[in-house]
Amino acid sequence: MLQKLLKIMTAMAVLGLTAGQVTAATVGFAETNPIDTNGAATIDLQLVGTDFASPGVDGASIQFSWDPTVLQYTATTVASPPWDADAIVSDDNAASGFVDFVFLTYTPAGGLSPDFDIATISFNVIGAVGTSSAITVEDWDFGGWSAPGAVPVPVTYVNGLVNVTASAVPVPAAVWLFG
């Protein structure tokens, strides 16, 4: 009898722990990780938000960094829409591999959810083939994501990894005939 009661209590605990779980809001890159350059001299990376629960978000402040010996920052283009056109990008330290902050606001009633574009981050590829750079995205020191009413929204960041790779050289199907 005691074992049966313990089994029922265990099952209820498991159900109770999983029934209330929701998908966590995530910010990461639309491109598949790792991101190979395939001989390109420039690369544009699309930063996106996914699985933001209602009521969504109406503001954010983030920062990101990379290895400046591999990637040379050229611009951050905030997706507008959905974000307001008055977004602020502080990239004074970009030569050091760091964008200090990106402030985003969304003013229509309600918030953005569940999935949305954030920005496109553009780089020149300056590293040698075989080098790589992590791209780390995180909450800005004095901010993060907020829902309407300035309610903080926890976010999981999925960072990127850019590999400098050579362009693929196709091998002709009949190459074996030459030798």
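Buried here denotes under 20% relative accessible area, with exposed set at over 50% and partly exposed in between, for a 1.4 Å probe and protein chains only. Strands (E, at least two residues), like helices (H or I, at least four), are DSSP runs numbered from the N terminus. Once its neighbours within four places in sequence are left aside, Ile118 is in contact (heavy atoms within 4.5 Å) with Val27, Leu47, Val48, Gly49, Ile62, Val78, Ala79, Trp83, Leu104 and Trp145.

Residues are numbered from 1 along each chain as its sequence is written. Because the model is predicted, local features need pLDDT of at least 70 and side-chain atom pairs count only at pLDDT 80 or more, whereas totals for chains, interfaces and linings use all residues, and side-chain values use heavy atoms, with hydrogens and water left out.

An open sheet of mixed pairing is formed by five strands in the order S5-S8-S3-S1-S12, where two strands pair if DSSP finds at least two bridges between them. S5 and S12 (156-158) stand at the edges with a single partner strand each, so one side of each is left without a neighbour in the sheet.

Thr76 lies in strand S5 (residues 71-78) and stands opposite Ile121 in S8. With a relative accessibility of 14%, Thr76 counts as buried. Its side chain makes a polar contact of 2.8 Å with the side chain of Tyr73, such a contact being a pair of N or O atoms within 3.5 Å in which, within protein, one must be able to donate a hydrogen and the other to accept it, and for which residues adjacent in sequence count only if both atoms are side-chain atoms. Beyond the neighbours within four places in sequence, Thr76 is in contact with Phe64, Val89, Ala119, Thr120 and Ile121.

Phe64 in turn has Val137 in S9 as its bridge partner, and strands S4 (residues 59-65) and S9 (residues 132-139) pair in the antiparallel sense over four bridges.
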